[in-house]
Amino acid sequence: MDSQASPFLHTLSEVVGNQHVLTSPDDKSFYTTGYRVGQGDALAVILPQSLSALWQVLTRCVAEDVIILMQASNTGITGGSTPDGNDYDRPVVIISTRHLKGIQVIDGGQQVIAYPGSTLTELEDTLRPLQREPHSVIGSSCIGASVIGGLCNNSGGSLIRRGPAFTEKSLYAQITEQGEIALINHLGINLGETPEEILRNLENKQFSTGDAEGWQGKIWAEDYAEKLRDTESASPARFNGDPHYLHDGAGCAGKIIVFAARLATFPASPSTETWYIGANDEKTLIALRRFLLNHLDTLPIQAEYIHANAFDMTLRYAKHMILAIRQLGPQSIPGLMARKAKWDVRVKKSKCLPKNLTDRLIQGFNQITPPLVAKRILDYRRRFEHHLMIKGEGEQAGQLTALLDQFFAEHQGEYFVCDQKEAQDAFLIRFAVAGAAISYCDYLGIDPNERLIAFDAAFRRNDDQWLFDLPLELRDQIQADSCCGHFFCLVNHQDYILKPGVDGKKFKQAVIDYIEQRGARYPAEHNVGHLYTAKDDYQQHWRKLDPTNTCNPGIGKTSRHKFWQ
């Protein structure tokens, strides 16, 4: 810690305590390294314990003219919540909201107010006794993703009817062009006048949801389901930077600091059924998507795709994730990831141990344990290349089954209705795919920043293809690949692990050219992070939110310098 920085860090420690100002490389490592990609240095990592402390930390950071990088669970796919390199023009301070958990249930459970560090799992657990559900359910929650992080990224989630994470009602801090910080209350709740009063009343639940005047707003993307039914549209249903879903914290990508958001909850389905579908031609599934969207009275809850390659990679390299979720619950994953990160730091310091020892031990366990997946699912994996899991409400089971019978009387492919274990296994495999590619790289000692290229594309609603159909010259550069996605939304998550020596930047640009040629938009829901170039209209939106370019500069390949120079 240099002498000039010490007085500033001392003022922060006065707010949060010395133990919550991390400055050693080992302590900072978990926060400065992305879950998949991205890494850079930071002057310090600050862990405020209350919303009031967060405000005090922010005012001191703004006064010191440092870069502010807000971080929730650090589970991002595109590196957007960590520093990217070390070529910033100001010191970087990471403010972790990990300890700012909290869900306030309001309006009889029909809405909630979520704090910056609240996780999807925490929200699910809070609503379960009320027989309500959040915008997103198990999926990103498997790795501890945060509610506010999803909102800031317009994350789509897997629930077909609910669309991208969105609300117009939030409480946030914004840095003005004059370099002053302001707390803006758009929650639609009267909490007082000063920042201190507003935050004190919110934290102490001293408010009424019916006493605000003159400010209304939507609290979810209520028009999304009808957008999906338009299967003839030549535009995607959703993508990051879609102006239709940008408002205050929604889609802000960390350019403002969200203290709380008001979100809708939804009635939990009293009973569900899951249909497991196998096919060897992607066009069969494309036709099935259009058929069901055009004929179902009510859209299903989820429709998730997994390719055979992703299936195999997940059972081989991410089986430990499946078992951990099954045995310990999704709430255990963030803690396990944090402990693994600490062990990795210790192992790398040893000169006599392999740097990926922890990953070797994990993969050794994965190799000697049986698949532990339902037999019918494994049988479909042996027989089919394309796998689709559709979850619907029990009351629509008759119609959906009848439509599947009608469809497969004329098309190649099969389906079965899952029992409870099969349904659980199917979705655990699907959502463990996100960690499979990184586990593959860790075990084989592959640098994911160099050789793991991830794409997150929203295809046209009238597209007649699902897979990335790359030319042979690009396919020859790929060592392994994995594909999954939200199929009815036509949101495709494609991972490529490149062969040694391949120029990752050239490969990535060639695939981006291919995506654009197909009329797709990217990314669809993981936000641009530091991997994608943000479109001009998205960049202009950020400039309005953060005119001094203090918060998360460089996101979307933009300027890292003050005032966007």
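Reader: Leaving aside its neighbours within four places in sequence, which residues is F507 in contact with?

Author: Contact means that heavy atoms lie within 4.5 Å. By that rule, and leaving aside neighbours within four places in sequence, F507 is in contact with I453, F455, L470, L474, Q477, I478, Y496, L498 and V502. Before going on, note that this is a predicted model, in which local features need pLDDT of at least 70 and side-chain atom pairs count only at pLDDT 80 or more, while totals for chains, interfaces and linings use all residues. Residues are numbered from 1 along each chain as its sequence is written, and side-chain values use heavy atoms, with hydrogens and water left out.

Reader: Which residues touch the most other members of the largest nonpolar core?

Author: In soluble globular proteins, nonpolar side chains tend to be buried together. A nonpolar core is here a set of buried Ala, Val, Leu, Ile, Met, Phe, Trp, Tyr and Cys residues joined through side-chain atoms within 4.5 Å, where buried means under 20% relative accessible area, exposed means over 50%, and partly exposed is in between, using a 1.4 Å probe and protein chains only. The largest such core has 87 residues, of which F455, F468 and F507 touch the most other members. A second, separate core of 39 residues includes A310, A318, L428 and V433.

Reader: What is the order of the strands in the open sheet?

Author: Strands of a sheet pair through backbone hydrogen bonds, either parallel or antiparallel. Strands (E, at least two residues) and helices (H or I, at least four) are DSSP runs numbered from the N terminus, and two strands pair if DSSP finds at least two bridges between them. The open sheet has 4 strands in the order β1-β2-β4-β3, with mixed pairing. Because β1 (21-22) and β3 (67-71) stand at the edges with a single partner strand each, one side of each is left without a neighbour in the sheet. The strands β3 and β4 (residues 92-96) run parallel and are joined by 5 bridges, and M70 stands opposite I95 in β4.

Reader: Is R430 buried or exposed, and where is its place?

Author: R430 has its place in helix α15 (residues 420-444), and with a relative accessible area of 4% R430 is buried. A polar contact is a pair of N or O atoms within 3.5 Å, and within protein one must be able to donate a hydrogen and the other to accept it, while residues adjacent in sequence count only if both atoms are side-chain atoms. The side chain of R430 makes such a contact with the side chain of E304, at 2.8 Å.

Reader: How many residues of α15 are buried, and where is its kink centred?

Author: The helix α15 is mostly covered, since 18 of its 25 residues are buried. A bend at a residue is the angle between axes fitted to the seven residues ending there and the seven starting there, and α15 has a kink of about 45 degrees, centred on V433. Just after α15, G445 takes a positive phi of about 70 degrees.

Reader: Which residue has a positive phi of about 60 degrees although it is not a glycine?

Author: One of them is D65, which lies in the loop between α3 (51-64) and β3 and, at 29% relative accessibility, counts as partly exposed. Another backbone feature is the peptide bond from Y522 to P523, which is cis, with omega near -15 degrees.
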